Each structure stands twice: as structure tokens, then as C-alpha cells.
Amino acid sequence: MFDDVRMFARFAGGLRGFLEQKLTLEDCRRKLEESLRRREESFLLLVERGIFGNFRNPYRSLLEWAGIALEDLRSLVRKEGIEGSLEKLFDAG
């Protein structure tokens, strides 16, 4: 629960600056391109922190039950990409 409060406080603290920031079309394109370049890395970081770093996360239990560790998922994403990995996980149950 403390982590949730801390995360919300961090989000709320940066919201005003984010909303006041004016971006040009070129800025938006650059940000989008960077996000797409880092997509797999961002996904894996989200999985590491949000699933494997949270003992209460139900997906953690499902992945552990299936015998899938974080490193297994990293390898799968590098080999199959995000969509391919999610399809394989879905097909595996």
C-alpha cells in the first residue's frame, strides 16, 4: 500500500509540469519514435517491477505456476517480440 501512495505522489507531483509543457509536432514525433525504439525494454521493465517485483500480483503467481521466470520472459521477448511472446504465453495457458 505504501508503494501505491508513493507512486501516486510521484505522479501527482510531476503532473503540473507535464501539462504545462508545450510540445511542437517535431517534439511529439521524436518522443513517439523514442518510445517505439524502447518498447521492448519498457515492457520488460514494467513486467520486472509490476509483476515479478510485486508478490501480490496475480500474474506473478500464474507465471511461476507455469515455470516462467523473468529471464525466460526476457529471452522470449528478445526472440519473438512483445506480441509474439504474449501469443505464446496465451497459447501455453
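Colleague: Where does F11 lie?

Modeller: F11 belongs to helix α1, which spans residues 2–20; helices are DSSP runs of H or I with at least four residues, numbered from the N terminus. This is a predicted model, in which local features need pLDDT of at least 70 and side-chain atom pairs count only at pLDDT 80 or more, while totals for chains, interfaces and linings use all residues. Residues are numbered from 1 along each chain as its sequence is written, and side-chain values use heavy atoms, with hydrogens and water left out.

Colleague: Which residues form a nonpolar patch on the surface?

Modeller: F11 is one of them, along with F8, L15, F18 and L19. Together they have about 570 Å² of accessible area (Shrake-Rupley method, 1.4 Å probe, with only the protein chains shown as cover for residues). Patch residues need over 30% relative accessible area and no salt bridge, and nonpolar side chains (Val, Leu, Ile, Met, Phe, Trp, Tyr) are joined within 5 Å, like charges within 9 Å.

Colleague: What makes R16 and E20 a salt bridge?

Modeller: Their closest N and O atoms are 4.0 Å apart, and the rule asks for a side-chain nitrogen of Lys or Arg within 4 Å of a carboxyl oxygen of Asp or Glu. Both residues lie in helix α1, four residues apart, about one turn of the helix. By this rule the count comes to nine salt bridges.

Colleague: Why is R60 called buried?

Modeller: Buried means under 20% relative accessible area, exposed over 50% and partly exposed in between (1.4 Å probe, protein chains only). R60 has 11% relative accessibility, so the residue counts as buried. E64 has 45%, so E64 is partly exposed. The two side chains meet in a salt bridge, 3.1 Å from N to O. They are about one helical turn apart because four residues separate them in helix α4, residues 58–65.

Colleague: And what is E26 linked to in a network of salt bridges?

Modeller: The network joins E26, D27 and R30. Between E26 and R30, the closest N and O atoms are 3.9 Å apart. E26 has 43% relative accessibility and therefore counts as partly exposed; R30, at 45%, is partly exposed.

Colleague: How do you know that S85 is buried?

Modeller: The relative accessible area of S85 is 1%, so S85 is buried. S85 sits in helix α5, residues 70–92. Leaving out residues up to four places away in sequence, S85 touches L76, V77 and E80, where contact means heavy atoms within 4.5 Å.

Note on methods
Helix = DSSP H or I, 4+ residues; strand = E, 2+ residues; numbered from the N terminus.
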